[in-house]
Amino acid sequence: MAGTTRTDIEMTRSFGVGGAVLLAAMVLGSGCARRVEAEPEARSATGDVADYYPLAVGNKWTYRLNGRADRSFTVEILKQEEGYFHDNQGGQFSVDAYGLRDPKRYLLRAPLRTGQAWTNVVSVSSTERYQIVQAGGSCDTPAGTFPSCIEVEGRNRVDAKATLINTMTFAPGVGMVRLETAVETANQQRIPQTRLELVSYELKGGASSHGSPPAR
C-alpha cells in the first residue's frame, strides 16, 4: 500500500508495544503476498493471561524491525497509574478478570486455547475482531526460542478491498515476542507490512535474555 491510514495507526499503536508500533507500521516491509494458512489444530496453553505479559515497573523489551539489527527500539514500563502500567512508547496496559487490555481493547482473553475469539468496538466506525489462532506452539526470535506461546490475530476491515491484520505472539513469563502486520486483499492474499522480533528483555525478579545485540 502507498501509506498508512488512520485505521492502521489506531489499530497498530496499542498492539503490545504502545506507540513504538506506530513507527513500525509506517515503515512498509517488502515481500510477496501469501495466502491465508489453514486453521491450526485446536490446542490449549497453560498458565494465566497475566503470565503472557508481565507487568511491573522497570520491565523492558528490545525489538528489531523487519529483521534489521540497525532498526531497533526498547519498550520500558515507567509507572503504574490509575490501574494501568504506562510504558515509554505511550502504551497503557492492565490485566483484569477477563484478560490483557489497554484502555480501548482486549489484546488477549481467556480461555487460552486455539479458536478463542472476541470483538472490540473501539469507535463508532471501527470494530476489531480477535482470535487465538495458535496456542501452545513455539516461537523463534533473536532473544531465543520460546515454548507454549499464544498467537493472536487481530483484524480490522479498512474498506471493501482491504483488511488490516496484526498477529501478536506472546510467550509465558516473557511478554510479546513477535508482532507482524499485513494487509489482506479481497481475494484473501496477505501482503506483509512490518515485523517486530524480540532481541532481549529484562524483567523484575531477574528474568532476562540477550540475543544478538542491535547494531549501534
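**Entry 1: a loop residue**

I start with a cut-off: a residue is buried under 20% relative accessible area, exposed over 50%, and partly exposed in between. Ala 207 has a relative accessibility of 35%, so I put it down as partly exposed. I found Ala 207 in the loop between strand 13 and strand 14, the latter spanning residues 208-210. I then looked up what Ala 207 touches. Leaving out residues up to four places away in sequence, I noted Tyr 201 and Glu 202. I also checked a spacing to Val 174, which is 33 residues from Ala 207 along the chain. The C-alpha atoms of the two are 8.2 Å apart.

**Entry 2: the whole chain**

Next I stepped back. I counted two helices and 14 strands. The chain has 216 residues, and 46% of them count as buried. I read its accessible surface as about 10,600 Å². Carbon and sulfur atoms hold 46% of that surface.

**Entry 3: how confident is the prediction?**

I looked up the confidence values before going on. The mean pLDDT of the chain is 81. I noted that 75% of the residues reach 70 or more. Residues 1-17 have a pLDDT below 50. Beyond near neighbours in sequence, that stretch still has 59 contacts in the model. Residues 19-40 also stay under 50. For residues 19-40 I noted 55 contacts beyond four places in sequence.

**Entry 4: the core**

Which residues touch the most other members of the largest nonpolar core? I wrote down Trp 61, Leu 100, Leu 108, Phe 146, Val 152, Phe 170 and Leu 198. The core has 38 residues. I then asked which strands supply at least two residues each. My list has strand 2 (60-65), strand 3 (68-81), strand 7 and strand 9 (126-141). It goes on with strand 10 (144-159), strand 11 (162-171), strand 12 (175-185) and strand 13 (189-202).

**Entry 5: a hairpin**

I followed strand 6 (residues 99-101) and strand 7 (residues 106-109). The two pair in the antiparallel sense, over three bridges. A hairpin of four residues joins strand 6 to strand 7. For Gly 99, I found the bridge partner in strand 7 to be Arg 109.

I read on past strand 7. The peptide bond from Ala 110 to Pro 111 is cis, with omega near 0°. I placed Pro 111 in the loop between strand 7 and strand 8, which covers residues 117-123.

How many disulfides does the chain have? I counted zero. Cys 139 is in no disulfide, and its nearest cysteine sulfur, that of Cys 149, is 5.2 Å away.

Thr 169 lies in strand 11. With a relative accessible area of 5%, Thr 169 is buried.

**Entry 6: positive phi**

Last, I looked up backbone angles. Ser 148 is not a glycine, yet its phi is positive, at about 55°. I found Ser 148 in strand 10. Its relative accessibility is 28%, so Ser 148 counts as partly exposed. Gln 188 is also a residue other than glycine with a positive phi, near 65°. I placed Gln 188 in the loop between strand 12 and strand 13.

Conventions:
Residues numbered from 1 in each chain as written. Predicted model: local features only at pLDDT ≥ 70, side-chain atom pairs only at ≥ 80, totals over all residues. Heavy atoms only, no water. Pairing = 2+ DSSP bridges. Disulfide = S-S within 2.5 Å. Buried < 20%, exposed > 50% of the residue type's maximum accessible area, 1.4 Å probe, protein only. Areas by Shrake-Rupley, 256 points an atom, 1.4 Å probe, with all protein chains shown as cover. Core = buried A, V, L, I, M, F, W, Y, C linked by side-chain atoms within 4.5 Å. Contact = heavy atoms within 4.5 Å. pLDDT = per-residue confidence, 0-100.
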